[in-house]
Amino acid sequence: VTDVADAMILKRLFSELFENGVIVVATSNRQPDDLYKNGLQRGTFLPFIGMLKEYCDVVPLNSGIDYRMAGLPSEGQVYFVGTQEETNRLIDDIVRQFVQTQGIEIEPRTLIVLGHQLHLPVTYGRVLDTTFDDLCKKNLGAVDYLEICREFDLVVLRGVPKMNLNCRTEARRFITLIDTLYDNKVKLLMGAACVPKDLFSAGDLSFTDAEANRALMDDLGISAGSELAKSNIFTGEDEIFAFERIISRLTEMQTKEYWESKRSKIGIH
């Protein structure tokens with residue numbers, strides 16, 4: 001739960017379910033007491049947490065073992081680290097061999113997503129060859145990434161940089177992209193500036209972003225030293241928390257087991 005609108009929708013939805021006698025079985029990556037942690041106007045959400053604990057038995061399933069990290073891949077097989085020039089050269093060799101072996105042509109494609117065009121300059125068969133800038137710096141979202149999953153079995157993603165709070169929007173899109181690819185068992189060949197665990201850090205805000213935060217605090221009537229100033233909208237706590245999951249998923253996506261897994265045909269053309 002990352003923003004006040006989601007929090008209020010969740011509260012209303014579950015309240016109606018409970019009041020109408022619906023049995024609810026749900027999973028979460030947070031304990032009830034940590035839901036919407038440090039969120040703006042969290043006080044309006046707290047009664048829902050009490051209701052959730054009253055109506056539901058909370059069963060912790062965390063064994064302390066991240067099974068996605070258990071089958072570590074051989075270094076350099078599908079995740080290349082280095083400068084963009086270095087990683088592109090390695091990826092180009094793989095692409096060239098694949099295209100020649102399969103006897104297919106490289107061509108652009110355009111997908112229609114909810115009425116707007118998603119132009120993809122480089123595709124070959126059911127493979128999309130693209131960049132971080134094209135998928136994460138443009139105004140795209142989960143629905144665009146889901147359409148990519150329907151059309152392609154392998155995504156080649158180039159030029160993934162180290163991220164911090166100064167590029168929070170791009171980081172959120174990257175999180176959504178990896179989650180969507182993982183959930184749909186799409187294969188990923190990736191070139192990045194660093195290993196997964198170093199892809200995101202809070203870092204120091206640039207002057208421009210710090211000024212934007214101060215302006216938002218002023219608009220919301222929040223003083224710099226208050227508890228509300230520690231909300232995740234200003235600290236990046238949600239992004240840091242989400243990247244822990246992304247690190248784990250990127251690691252699993254490099255394993256032989258993941259690459260040999262079969263995709264569901266539901267929604268796949």
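A: Asp33 is partly exposed, because its relative accessibility is 46%, between the 20% and 50% cut-offs. This is a predicted model. Asp33 forms a salt bridge with Lys53. Their closest N and O atoms are 3.1 Å apart. The pair links distant parts of the chain, 20 residues apart. Asp33 sits in the loop between helix H1 (4–19) and helix H2 (46–55), and Lys53 lies in helix H2. Lys53 is partly exposed too, with a relative accessible area of 43%.

Next comes Arg109. Its salt-bridge partner is Glu151, with the closest N and O atoms 2.7 Å apart. Distant parts of the chain are again linked: Arg109 belongs to strand E2 (residues 107–113), Glu151 to helix H5 (residues 142–151), and 42 residues separate them. Arg109 has a relative accessible area of 23%, so Arg109 is partly exposed. Glu151 has 12%, so Glu151 is buried. The cut-off for buried is under 20%.

Asp133 bridges to Lys137, with 3.7 Å between the closest N and O atoms. Asp133 counts as partly exposed because its relative accessibility is 40%. Elsewhere, salt bridges with shared partners join Asp179, Asp183, Arg245 and Arg249 into one network. The whole structure holds 14 salt bridges.

Now the confidence. The protein averages a pLDDT of 81, and 78% of the residues score at least 70. Over residues 68–76, pLDDT stays under 50. Residues 265–269 also stay under 50.

Technical notes:
Residues numbered from 1 in each chain as written. Predicted model: local features only at pLDDT ≥ 70, side-chain atom pairs only at ≥ 80, totals over all residues. Heavy atoms only, no water. pLDDT = per-residue confidence, 0-100. Contact = heavy atoms within 4.5 Å. Salt bridge = Lys/Arg side-chain N within 4 Å of Asp/Glu carboxyl O. Helix = DSSP H or I, 4+ residues; strand = E, 2+ residues; numbered from the N terminus. Buried < 20%, exposed > 50% of the residue type's maximum accessible area, 1.4 Å probe, protein only.
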